[in-house]
Amino acid sequence: LMSDIIRHNALGNPFWITELQGGNVTASGNVPYCPTAAHTAQYLWTAIASGAEGVIFWSLNQRAAVMEAGEWGLLDFLRRPSDRMLEAAKVASVLQRHGEELRGLKPAPAPVTLLYNIASLRIQRRNAETLASGEEGRQASACMKSLAAAYEAVSAWGVTPQVADMATFDWDDAAGRTAVIPHMVALPSEFRSRIESFVRNGGKLIVTGLSGFYDENMRCLFMNGFPLKSCFGAEVSEFKVAGEYFTLGEELPAHLWRGILVPASGETMMTDGGDVAAVRNRYGRGEVVWVPSPIELGGYHRDMAPLTAFYGRECRDAIDAAPASFSTPEPDVLMRTMRKEGVLMTVIVNKRPESAAIRLRTGRYGVPRVIYGEASVKGAQVTVGADRCAVVLWSR
């Protein structure tokens with residue numbers, strides 16, 4: 001997720017991943033942790049497949065005194081290479097050995113973009129300053145955790161969603177694209193006409209949680225006439241606290257608030273306790289799916305399977321348009337894809353405690369070759385060991 005945020009904000013310029021953890025943390029880090037050799041490889045291949053042109057570790061050797069003394073190093077105290085450094089060397093040797101084949105590969109994310117905006121982060125943090133209670137949805141991190149949960153749900157289908165600030169998203173590139181606004185509590189006024197144009201010109205917009213509760217000045221947009229009523233196809237009558245975690249309709253875990261919609265042009269998608277809980281609205285050549293309850297936070301802390309299924313349905317066209325994906329959702333497995341003419345590279349990271357046999361959809365690319373990792377490929381099925389990664393080249 002961080003790699004994708006960095007790539008987008010680089011705006012097409014080269015970017016590097018810096019301060020990748022090289023070794024053990026004893027006192028200075030928030031979490032005591034030492035990467036395994038396998039984790040080091042996973043980090044490196046994830047960075048490479050996200051388009052990073054370089055990775056810098058923190059650090060080669062440890063400081064001898066004061067802050068971070070004896071921490072973070074790729075070398076041990078005896079100045080010998082650790083297993084982490086040896087594994088990083090293996091990755092480097094693969095890059096060197098297959099340099100010509102890999103040169104020119106570019107990240108190939110799915111045409112689905114998760115959107116955030118700075119006003120939501122600022123307002124959410126401002127509101128959290130006065131809290132006496134600790135509910136997740138009211139914390140400063142709620143917006144970005146919602147985005148992270150949406151990212152995980154889409155990624156479970158084997159594709160990489162793009163992540164963009166609404167200020168730099170290309171709203172004019174609409175046809176065949178899906179955009180998601182996951183619990184972004186503010187919709188600044190500058191984006192309203194862009195949102196309407198995106199949908200009108202053939203884009204699909206998925207809006208969840210309390211997205212649009214405020215404008216950039218903390219005015220409640222759902223009072224005195226919702227400005228996106230025609231585009232979204234409904235208005236919110238109110239939000240009700242429904243419990244820290246609850247089930248929306250018959251399937252979707254949600255968190256804290258249940259939004260109640262009054263449809264205008266929108267078609268009812270889901271009801272809850274007699275109220276309209278979600279609508280689908282055709283607008284121009286596109287459509288809006290609106291679920292005004294924090295389903296990402298509900299899934300993140302309860303059960304991701306229904307949220308994954310929801311995004312699998314609503315992002316199906318975007319998932320199918322990706323050059324490679326999973327045949328069925330695979331929780332705790334990440335796949336990144338790069339391609340150039342005639343060649344596809346998939347980096348598959350299995351974070352499960354057991355091996356995973358993953359069935360892939362690779363379209364025209366049907367001849368596999370493993371260039372890194374202990375993995376087996378039979379047809380379109382790749383088996384990867386527990387907490388390991390594999391890199392497979394596919395040709396036509």
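**Reading the strands of a predicted model**

Colleague: How many residues of strand β9 are buried?

Modeller: Strand β9, which spans residues 252-263, is mostly covered, with 10 of its 12 residues buried, where buried means under 20% relative accessible area, exposed over 50%, and partly exposed in between (1.4 Å probe, protein chains only). Strands here are DSSP runs (E, at least two residues), numbered from the N terminus. This is a predicted model, in which local features need pLDDT of at least 70, side-chain atom pairs count only at pLDDT 80 or more, and totals for chains, interfaces and linings use all residues. Residues are numbered from 1 along each chain as its sequence is written, and side-chain values use heavy atoms, with hydrogens and water left out.

Colleague: Which strand pairs with β9, and in what sense?

Modeller: Two strands pair if DSSP finds at least two bridges between them; β8 (residues 234-248) and β9 are joined in the antiparallel sense over 12 bridges, and Glu 238 has Ile 260 in β9 as its bridge partner. Their hairpin has 3 residues between the strands, and there Gly 249 takes a positive phi near 65 degrees.

Colleague: What is the order of the strands in the open sheet?

Modeller: The 5 strands of this sheet follow the order β3-β14-β15-β20-β17, with antiparallel pairing. Because β3 (106-107) and β17 (367-372) stand at the edges, each with a single partner strand, one side of each is left without a neighbour in the sheet. Within the sheet, β15 (residues 343-350) and β20 (residues 388-395) run antiparallel and are joined by 8 bridges, with Met 345 standing opposite Leu 393 in β20.

Methods:
Helix = DSSP H or I, 4+ residues; strand = E, 2+ residues; numbered from the N terminus.
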